[in-house]
Amino acid sequence: KVSPALCELFGSSEPERLAFDVQPITHPADLASDLELLQKTLDGTRTGYTLEKRYFHADGSVIASFLAVSLVRDGAGAPAYFISQIVDLTPLARTRALFEAAFSRAQVGKLIMRAQPDARTVVIECNPAFAAMVVRHAEELVGREDRDLFHPDDRPAREELIADLLAGGLSERRGLRRLPGDGRSGRRRRGRDGR
């Protein structure tokens with residue numbers, strides 16, 4: 001059986017979907033992991049699996065999807081059939097690609113941070129503009145606590161800002177001084193000529 005939504009997703013009719021082999025419409029880069037999980041499910045080491053996987057639409061375009069597979073066994077414990085659910089991630093993938101392009105090309109410094117259970121926030125992504133501001137490579141910043149990037153005197157204001165956001169509130173903007181790679185305050189120093 002196939003649902004109308006599945007037929008629409010793949011751009012084909014119900015008879016075509018009922019007769020199809022999943023391997024030719026699976027992206028070659030995703031086939032091995034899918035077959036491995038499928039075999040483990042048949043062997044009984046798993047009851048099912050989930051996987052981000054790419055398929056081919058009838059027009060040849062790639063469908064980014066999330067696949068969830070469950071195996072139903074008969075009364076004797078033999079495999080009877082699979083129930084597969086496929087969620088179209090293609091719009092999400094396009095949105096993600098647009099976001100990543102805007103994030104990486106932005107002239108404004110940007111960080112993406114993850115809140116830890118102990119209330120620390122760790123950098124999971126940093127754009128080139130922010131890395132340049134703190135005179136570091138973006139790769140150096142990933143995995144670090146972002147509080148280390150700001151002037152010690154400004155850390156209480158930063159922690160208050162984070163606490164407000166984690167509590168679900170909207171916080172007003174605050175000016176925080178960042179520490180460049182040399183550890184000095186982010187405020188520009190004037191030279192002898194006043195510049």
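Colleague: How many bridges join β2 to strand β3?

Modeller: This is a predicted model, in which local features need pLDDT of at least 70, side-chain atom pairs count only at pLDDT 80 or more, and totals for chains, interfaces and linings use all residues. Residues are numbered from 1 along each chain as its sequence is written, and side-chain values use heavy atoms, without hydrogens or water. Strands are DSSP runs of E with at least two residues, helices runs of H or I with at least four, numbered from the N terminus, and two strands pair if DSSP finds at least two bridges between them. β2 and β3 (residues 79-88) run antiparallel, and the bridges joining them number nine.

Colleague: In the hairpin of β2 and β3, which residue in the turn has a positive phi?

Modeller: Within this pairing, Leu-67 has Ile-86 in β3 as its bridge partner. Five residues lie between the two strands of the hairpin, and the turn residue with a positive phi, about 90°, is Gly-77.

Colleague: What is the phi of Val-135?

Modeller: Val-135 lies in the loop between α5 (128-133) and α6. Most residues other than glycine have a negative phi. Val-135, although not a glycine, has a positive phi, near 55°.

Colleague: Is Glu-140 buried or partly exposed, and at what relative accessible area?

Modeller: Glu-140 is in helix α6 (residues 138-141). Buried means under 20% relative accessible area, exposed over 50%, and partly exposed in between, with a 1.4 Å probe and protein chains only. Glu-140 therefore counts as partly exposed, its relative accessible area being 41%.
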